[in-house]
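Please consult the sequence and the model while reading.

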Amino acid sequence: MQKMGKQKNKTASFSFWNWVIASIIFRLILIYFPKNLNLASRPEVSTPLTSFRRLAEGYWLKQLSMSPYAGSMYHGSPLLLSLLGPLTVKRIEGQPNHLLYSLVSVIADVVSAILIRATGKNLRLAYLRSLESLDIVQQTKASGEFFKILSPGDAAALIYLWNPFTIVACVGLSTSPIENMAVILCLYGACSRLVPLAAFGWVIATHLSLYPAILIIPVIFLLGCGPDAPPRKLFLQKNNKEEVLSKSKLRLGFSWRPITHFAFWALLWSAYVLVLCGISLKQFGGLWEMFKSTYGFILTVEDLSPNIGVLWYFFAEVFDFFRNFFLIVFHVNILFMIMPLAIRLHHRPCFLAFVYIAIFSMLKSYPSVGDSALYLGLLGWFVNELADIQFSFFLFCGYVGVSLLSPVMHTLWIWRGTGNANFYFATAMVYACLQIILVVEGVSAMLNHDRKLRNLATSKPQDAKS
Amino acid sequence: MTLLQRPVLVLLLLVTHHLLQCWIAFGSVDEEGQKQEEFNEELLLKPLPDRTVLAHFHFQSSAPPSTSNGRHHHLFPKAISQLVQKFRVKEMELSFTQGRWNYERWGGFDPIASSNAKPPGVELWAVFDVPQHQVDASWKNLTHALSGLFCASINFLESTSTYSAPEWSFPPSSGNLRYGTLPREAVCTENLTPWLKLLPCRDKAGLAVLLDRPSIYRGFYHSQRLHLTSTGSGSKGTDSGIILNQALTVVLQPIQPNGQRASMDHASEKHIQPSWSLSSIFGKQVRGRCVLAKSSKVYLQLDRGLVAELKRIHKENEKSVANGLTSENFWSYPSFELSANPDRIVVEENSLHSKSSSILYNFQVEKYSESEPLDLGLTWKIPVVWLCQSAPLHSSRYLMGSGNERGAIAISLKSTQLREGFMGAFADNERCELRVDVFQVVPWYVKVYFHSLQVFIDQQPKAVSDVIEKIHVSPSKDKVSPGMMEMVLKLPCRVKSAALTIEFDKGFLHIDEYPPDANQGFDIPSAIISFPNFHASMFFLEDGSVNKSPLLSKFQEKSPVMSYTEVLLVPLTTPDFSMPYNVITITCTVFALYFGSLLNVLRRRIAEEERFLKDKATKKTGQLPLLLSKLSAKLRGRPWEPPHSPPSSSFFISSKLVFKVILVAGLAVSWQYYFS
């Protein structure tokens, strides 16, 4: 029986690697298309923060010994400039222009996928362990046959790799694959209790795009009480009933040691990053300049060029008098939801992280499909828990429809001149609604799943008695 | 009445004239060290190859540095001197232009084309004599003052996003230079009238009489310029000397008096240049000089090309005549006829780049009066075709790409056939290089990617570093400053064509930032292409060097050949201007949907949980209500009793309600207190 399982696992992993290699080849084929299929200048792919051309411009300015933040072209990190900048100009004869840079994004994607897979495996183990400790393995087995075949890690990794959004972001030379990798690195580190790695990922992700800063809450939960599990109350109830269950099997308490570790490492890494930035920007106005044109640019929504979010049109139209008010309202909207979600989902830190990522990639100032690719990939981690999510077909169709319609509306408005801004804004609106539905339904499905588990756990002894 | 008045007026003028002359003589004797304020007026007429006539009015007023002047001036416009004193302007040039100078036909190498041809709209640059940090403030004040003075919207140049500070590509290089243009400014009589008011005789006498509004605005090109330099005041107390040059350049098409348009069809007469006279192009004649002017002259210039062509024709006609042509008898050629005899003929000295030299016919306006006005006319007898000397490279600029998302600006430089001649001196050198300076300002909503700069020489892409010797950019900051690009190109002399392309993204503006007619598009100001190796100067040796003409000395200034490119019109995408309320409400609805539904999911409990919670509530109530009930019991003076479930719940609800009401009231009171 066990042998059979192993065999099965082997074939599964074999086919997994096949799929990974196929996805790499697919990307390379797309990269070899002339001019990257013009993906690099699509508004869905390159926002002012992630645009490849702006990165190249920043690097060019830096080469001319000017501040990369002179003018309002580049808004990324100076470290990215030092690492990726040279790749924007390096060319190999007879090869596509930005081959080296594209290879970096492909590698970033593959690394993210591998990390997602490892984290998914971790989550699956934790899930199985918690089921075991609740003695409800048999019941769930009957319903959840799917995850026996495809583990959530593999599913998430393949979703991430084969998601058209990820592919487009990768081929479109945006920096979002790297930002996503930092976020995943952080979650992976926290799940596998590699505190320095988690701190590194968190610091880098925050440094690159500010919003992942709120992931500190799920990371603390992850480090404090381990990966996702059913509510702790359930175990306590269970333990009250059956004292036999050894407490060593599950750590139910909240341990502060890894968190202090994390704080220490986070401080260390952020000091390190700041020092590096400071060095690279020493002659160009220093760190204040950097904060002003990266975080300041994100928070004040200065660039009003269209993207798949809703804020650009809002701030292009809103009266100047109310601008600051709405800036505060929209940013606080992200922050407002942190506490309720943390209270309600603290026992599932990975899912909490997923919800946070989905929320900020929906409400951020300059969203791109790369951000959506991240949370859609992470959605794969919860194939078991979210098996009975509502409107899943509707959501799928919605995503497909919007991603087809949005470029059409954009062409009608910008290129043909026959449409108008409202057409494109309407698709952005629909997209935002879809994401909202996904988040809301996801959270509700997760809560329902917990309820189901509790029902199973509490009803079983009664069944046995009766 | 008028008959009576006119002699009186003339008498008065004559009297003042004599008085003034006496006074000038007296003054010059009395204080020999101190020069007097001067005013000179000149008009240069020049036939152009494309059947048009160029008229270039040049008025120079100068105020020498002096202590005695104080706030009083005899001739010099007070408004200008106040401007200079107040804002400490070292040098300034303001030009209003309508139409575009045609560099191909009207020439690009002579001083008029290179320093008087201006980009359409308003161009203003100024150098200030103030510390670096005050320059911007001075500039802002200056724009407002000028906009009031000239009835133009120069005050739009106040915002930092419209002007720039070129470092070295713009000719009077200095750290305190500011440069701004308004390509869309419409120029009309309301700008000309204040400009004329600066002249001592306005347009009532002298050459300015010719400036008949309908005829000058009918022309192809019209540019009025105001250029002032202040010679630095050495010590305190003395005002700085100011030289104010006012120039008005018009290119007009002579009206054929006897319907020659019909005869244009005749092949033989097709090439005959139209004959013209002052009265036919301006509708006025010069009836004497402005009495306040020190000198008043009219010049007729024959271009180098034209002179060469005339010589050739003449040689062909009179092969028998062995003796070489001297300039003295040149005007009596049979090819054309002048309606007035010139007082002097001046031939250009050592024109370096060309075989022939241009010729000036000088007419002294003093000799003409009301009774016999100067009506200078030129009548062609035989057809002449010639070309004006153009700049070494003809520059043009255009937009590439379609759609409203991105595009590219291309500046193309094409060699002109005339270049071959004067490049001969350098051409033998293998390492011969042609230096071209490019100065380009782009508004911030045209977001230029400087790294995408590409250079093509003879249609072959070249490495940027090979061609561009020096580059200085200041990238645009959104809504703060425009992008500026200064470049020095080194092109091989034998270059046929060169092109620079640079990509840009089109920005998206807030609805308030769009001008009233947003769909018309936005203007990118002209780029300035200059050739520092070539100097557009003409040397005319005048015998009477005492009364050196300001116009001719202006011509002698060694200034590099400059040309302005076209203004580009960039259409930008517009949002829906009627939508703000809809967008605000729809977006807020979506946010409310997000917030509400997520919060609802989080706090929703299904029936079982409700029951569970209720059980819990009945088992043990929270701490706060317990304390509250204890407190209330104590207040009432009754012994506290543990609450029973059914009545207690209602009691707690009421106490909760009371608590809430108190909380809200407290908040309101504190708010009121705080804000009063």
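In this predicted model, helix H11 (residues 216-225) of chain A packs with helix H13 (residues 257-280) of chain A at an angle of about 140 degrees, and their axes are 8 Å apart. Angles over 145 degrees would count as roughly antiparallel and those from 65 to 115 as roughly perpendicular; H11(A) and H13(A) are therefore oblique to each other.

**Helix packing in chain A**
- The crossing in which H11(A) passes H13(A) is right-handed.
- From H11(A), the residues Ile216(A), Val219(A), Ile220(A), Leu223(A) and Gly224(A) meet Pro258(A), Ile259(A) and Phe262(A) of H13(A).
- Sorted by class, this contact of H11(A) with H13(A) comprises seven nonpolar residues, one polar residue and no charged residues.

**Interface between chains A and B**
- Chain B contributes 51 residues to the contact, and chain A contributes 62 residues.
- About 5300 Å² is buried between chain B and chain A, with 65% of that area coming from carbon and sulfur atoms.
- On the chain B side, Phe591(B), Tyr594(B) and Leu602(B) lose the most area to chain A, together accounting for 14% of what that side buries.

**Strand pairing in chain B**
- An open sheet of three strands in chain B has the order S9-S14-S11, with antiparallel pairing.
- Its edge strands are S9 (276-277) and S11 (336-338) of chain B, each of which pairs on one side only.
- Two bridges join S9(B) to strand S14 (residues 377-380) of chain B in the antiparallel sense.
- Opposite Ser277(B) stands Gly377(B) in S14(B).

Key
Residues are numbered from 1 along each chain as its sequence is written. Chains are lettered from A and ligands numbered from 1 in the order in which they are written. This is a predicted model: local features need pLDDT of at least 70, side-chain atom pairs count only at pLDDT 80 or more; totals for chains, interfaces and linings use all residues. Side-chain values use heavy atoms; hydrogens and water are left out. Two strands pair if DSSP finds at least two bridges between them. Helices (H or I, at least four residues) and strands (E, at least two) are DSSP runs, numbered from the N terminus. Axes are lines fitted to C-alpha atoms, for helices over the stretch in contact, and angles run from 0 to 180 degrees between N-to-C directions. Angles under 35 degrees count as roughly parallel, over 145 as roughly antiparallel, 65 to 115 as roughly perpendicular and the rest as oblique. A crossing is left-handed if the near helix is turned anticlockwise from the far one by less than a right angle, and right-handed if clockwise. Contact means heavy atoms within 4.5 Å. Ala, Val, Leu, Ile, Met, Phe, Trp, Tyr, Cys and Pro count as nonpolar, Asp, Glu, Lys and Arg as charged, and the others, Gly among them, as polar. Buried area is the accessible area (1.4 Å probe) that two parts lose on being put together, summed over both.
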